[in-house]
Amino acid sequence: MRDSGALEVLRTGALATVQDLGRPGYAHLGVSGSGAADRGSLRLANRLVGNPESAAGVEVVLGGFAARVLGRPAVVAVTGARCSVRAGGRLLAMDSPLQLSADTVLELGAPEAGLRTYLAVRGGLDVAAVLGSRSTDTLSGLGPDALGEGVELPVGTEELEAPSVDIAPQPHPPADLVLGVRVGPRDDWFADGAVDQLCSTGWQVSSDTDRVGIRLDGEPLERRGDGELKSEAMVRGSIQVPRGGRPIVFGADHPVTGGYPVIAVVDHDDMDLAAQARPGQTLRFRAR
Amino acid sequence: MAPAEGARVLRCGGSAALVEVADLVQVLRLYEALLAERPPGVRELVPAARTVLVAYDAGETGFDDLTQAIIERWQAAAERAPEPDHGADVVEVPVHYDGPDLAQVAQLTGLDEAEVVRRHTGGDYRSGFCGFAPGFAYLTGLDPALHVPRRDDPRTRVPAGSVALADEFTAVYPRDSPGGWQLVGHSDIVLWDVERDPPALLAPGTPVRFVDAGSGS
């Protein structure tokens, strides 16, 4: 009998990683912010189990994740893309704290809509932090490896206050995703009408979409001239347009610098919505 | 947006400004001026080839106030005489000049290999900015005779410690990674260590010199 708790990963689905709120403050050394793609959902999951919002949880892409509670009973919460939540075969609620006894198997089904589901456990996941964060940065390789079958995730034992939220039902994500943007910094690198085109047409989320960026298909955006931009810093939400004219919305694990012009930047608050955009879905931009 | 003394401040979303200046020397000047007297609300400063990104907390400051503060610091820095001594200790990087592209670089530059080494070790470099990978520093100050293009066929694996040239820059690969730079040698120095503070040996602004460590590893 162990006196500490852990989660044993049984299945990962397409991709499951440990994420917290990332590692800000190192971009000048070539380290991206990383952290949960949908920050609001991770924060909510943590609040539901009484954790600080910055505690590490699991980010699951397109469901299919399962884990066994080892050692002590666990209090968990599941948020983000809506999927079935089963514990010991019983169907349980999302967006609510769930008490699981030791040896219980928790299973997340495939979401009907949205892309990323979050699992928080009371105490947080106590894997080793790198530069102050437990997040897996899929581009630079910093932080823990992406989760695999058999991995044991230790649960923190810090004394916490009782959770203050019982249930926090979330609205279904809108079918038509509209993201607010601010034009620039490099809109002057594009042909007349390119910004209008960006904001008036629907863009299809490509299957080549990950934590680094959301690649979009649509009528290519035209450049003005054929100059080469010197590498400059990118932010989460930067809409970079490579030579081919198809935009990429940079996500949590974006490269720190890029050599293609950024036509507009998605509003910080809307990046959580963007993180739930599924391949094939249509996405629109609206300039402020 | 107003061009003030060669600096242009561009909006980059709701919580960052991108400041564009003429060249990398100016970038470091602006970066150091902002580091020395960080405007209120600034969270992160990220230099690059022609720009410094200034990320801020939109709850503490706004784009217009920040632009004002940036321009003030830029103008004050421009009025000061450039300081030859940057205050930071020079990092000496011992290099074994045995890289697989040394002959190619000699051919491209029309110099012999010994002269390539002599010129590479003769330079006073500074870390301009980091990118590509954690701790990968673009070092400025390369002898113009050593400006060579990237390889036509990038390597899928460049070993950590490889000392490389591309265009106006020289660099040391902090870890194994793909790469298209011309490899002239290797160093055993540890460029990136997450247990060290700061983890990057060659943070922006750091003065650097290369020293010929002879053959062998």
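At 22% relative accessibility, Arg215(A) counts as partly exposed. Here buried means under 20% relative accessible area, exposed over 50%, and partly exposed in between, with a 1.4 Å probe and protein chains only. The model is predicted: local features need pLDDT of at least 70, side-chain atom pairs count only at pLDDT 80 or more, and totals for chains, interfaces and linings use all residues. Residues are numbered from 1 along each chain as its sequence is written, chains are lettered from A and ligands numbered from 1 in the order in which they are written, and side-chain values use heavy atoms, with hydrogens and water left out.

Arg215(A) sits in strand β14 of chain A, residues 213–217. Strands (E, at least two residues) and helices (H or I, at least four) are DSSP runs, numbered from the N terminus. Ile248(A) is 33 residues from Arg215(A) in sequence, yet the two C-alpha atoms are 4.5 Å apart in space. Contact means heavy atoms within 4.5 Å.

Chain A contains three helices and 20 strands. Its radius of gyration is 20 Å, close to the 19 Å that the globule rule gives for 288 residues, so chain A is as compact as a globular protein of that length. The radius is taken over C-alpha atoms, and the rule is 2.2 Å times the number of residues to the power 0.38. The C-alpha trace of chain A spans about 70 × 40 × 30 Å along its principal axes. Of the 288 residues, 55% count as buried. Among contacts in chain A with a separation of 6 or more, 77% come from residues 24 or more positions apart. Accessible areas come from the Shrake-Rupley method with a 1.4 Å probe; for residues, only the protein chains shown count as cover. Chain A carries 28 positive and 37 negative side chains, and the centres of the two sets lie 1 Å apart. Lys and Arg count as positive, Asp and Glu as negative; His and the chain ends are not counted. Each charge is placed at NZ of Lys, CZ of Arg, CG of Asp or CD of Glu.

Helix α1 of chain A (residues 39–48) is mostly covered, with seven of its 10 residues buried. These are Arg39(A), Ser41(A), Leu42(A), Leu44(A), Ala45(A), Asn46(A) and Leu48(A). Their cover includes β2 (15–19), β3 (57–61), β5 (74–80), β10 and α3 (271–274) of chain A.

Chain B has four helices and 13 strands. The radius of gyration of chain B is 19 Å, close to the 17 Å from the globule rule for 217 residues, so chain B is as compact as a globular protein of that length. Its C-alpha atoms fill a box of roughly 55 × 35 × 35 Å along the principal axes. Buried residues make up 53% of the 217. In chain B, residues 24 or more positions apart account for 60% of the contacts with a separation of 6 or more. The accessible surface is about 9700 Å², and 48% of it belongs to carbon and sulfur atoms. The mean positions of the 18 positive and 33 negative charges of chain B are 3 Å apart.

In helix α4 of chain B (residues 113–121), the buried residues are Val116(B), Val117(B) and His120(B). They cover an arc of only 95° around the axis, which puts them on the same side of α4(B). The arc is that of the directions from the helix axis to the C-beta atoms. Ala114(B) and Arg118(B) are exposed on the other side. Cover for the buried residues of α4(B) includes α3 (102–109), β6 (125–130), β9 (162–166), β10 (169–172) and β13 (207–212) of chain B.

Several backbone features stand out. Most residues other than glycine have a negative phi, and most peptide bonds are trans. Phi of Asp103(A) is near 75°. Asp103(A) lies in the loop between β8 (98–100) and β9 (105–108) of chain A, and is exposed at 54% relative accessibility. Leu131(A) has a positive phi of about 50°. Leu131(A) is in the loop between β10 (116–121) and β11 (152–154) of chain A, and is buried at 11% relative accessibility. A cis peptide bond joins Gly184(A) and Pro185(A), with omega about 10°. Pro185(A) lies in the loop between β12 (177–183) and α2 (194–200) of chain A. In chain B, a cis peptide bond joins Asp197(B) and Pro198(B), with omega about 0°. Pro198(B) is in the loop between β12 (182–186) and β13 of chain B.
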